[in-house]
Amino acid sequence: MVTLTVEPPEYYPVIDKLFAGPIRDALEALGVELVDMKAGVKPVDRTIRVAFIFEVRKPETFLPAELDSILSGLLEKLAEDATKTFGRLYEARFQVVGFRVVEAAAETKKEGGRLIINCPDDIRRTIERLGKGLTIYLKDKRVKFQTLVLSMPSDGRPKLTVTLLLPEQTSQADKEALARELEYKASSYLRTLNADYIRVEARVLDPEDRAVGTVMGRIDKIEREAEELAEMEEVRELMSALGKTRGS
């Protein structure tokens with residue numbers, strides 16, 4: 001579970017909805033584990049300035065400059081989307097004024113790839129069992145992989161996304177075939193675990209793929225979350241206190 005700290009804390013729901021989720025999803029899709037996120041917020045007139053510190057564990061093949069470049073583009077896009085959706089309701093603009101990436105303490109070395117689980121607590125035990133089963137399956141097939149990510153929405157929708165990150169460039173045909181195998185295997189395991197109501201979607205990525213664009217393109221979801229934020233009493237009070245009344 002990623003720890004999110006926001007200062008001042010009254011901005012927590014805004015940062016959590018508009019920034020934290022998409023950042024976590026994008027990094028995990030690339031095989032980067034986000035351990036801790038800190039955000040500092042400073043409103044200046046009608047500009048909401050935000051700075052971040054990310055604590056991560058990343059594959060050895062990921063160069064620091066490459067990760068910085070990906071995060072820079074992602075944060076810029078998220079700030080634009082936040083301004084277009086939530087910000088327009090209060091005539092406010094979001095601006096990311098900086099970020100820093102620090103390495104988390106290394107985990108105990110394990111043979112083979114890493115498993116990351118991101119799902120609601122009530123289904124976590126089932127998804128963990130599924131993850132272990134898929135890991136054994138991949139090792140039996142001698143598939144070399146860096147990270148296997150199993151993600152489910154926090155709102156309880158029965159949809160599981162299986163993302164496998166490979167360490168080397170692989171043909172598109174081979175990736176699609178492996179994705180189909182993972183979908184079939186995951187669905188079979190879920191039936192065994194009495195969770196066959198969960199729909200499975202699998203994708204296989206290599207170093208040439210960049211899933212960040214897919215995450216950044218979910219403008220409809222961002223708009224829905226912006227509307228939800230605007231209806232929260234504590235957020236309305238916060239924005240009013242800053243002189244940013246809705247629709248004025």
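## Basis of the description

The model is predicted, and local features are taken only where pLDDT is at least 70, side-chain atom pairs count only at pLDDT 80 or more, and totals for chains, interfaces and linings use all residues. Residues are numbered from 1 along each chain as its sequence is written, and side-chain values use heavy atoms, with hydrogens and water left out.

Four strands, in the order 1-2-3-4 and with mixed pairing, form an open sheet; strands are DSSP runs of E with at least two residues, helices are runs of H or I with at least four, and both are numbered from the N terminus. Because strand 1 (3-7) and strand 4 (93-103) at the edges each have a single partner strand, one side of each is left without a neighbour in the sheet, where pairing requires that DSSP finds at least two bridges between two strands. Neighbouring strands of this sheet are turned by 15° against each other on average, direction ignored.

Strand 1 pairs with strand 2 (residues 33-44) in the parallel sense, over 5 bridges, and T5 has K38 in strand 2 as its bridge partner. Helix 2 packs on this sheet and touches strand 3 (47-57) and strand 4, its direction making about 150° with that of strand 4. Contact here means heavy atoms within 4.5 Å, while axes are lines fitted to C-alpha atoms, for helices over the stretch in contact, with angles from 0 to 180 degrees between N-to-C directions.

## Helix 2

Helix 2 (residues 64-90) has 27 residues and reaches 36 Å from its first C-alpha to its last, close to the 39 Å expected at 1.5 Å a residue; the expected span is 1.5 Å times one less than the number of residues. A kink of about 40° is centred on K84, the bend at a residue being the angle between axes fitted to the seven residues ending there and the seven starting there. Just after helix 2, E91 takes a positive phi of about 50°.

Strand 6 (residues 147-151) and strand 7 (residues 159-165) pair in the antiparallel sense over 5 bridges.
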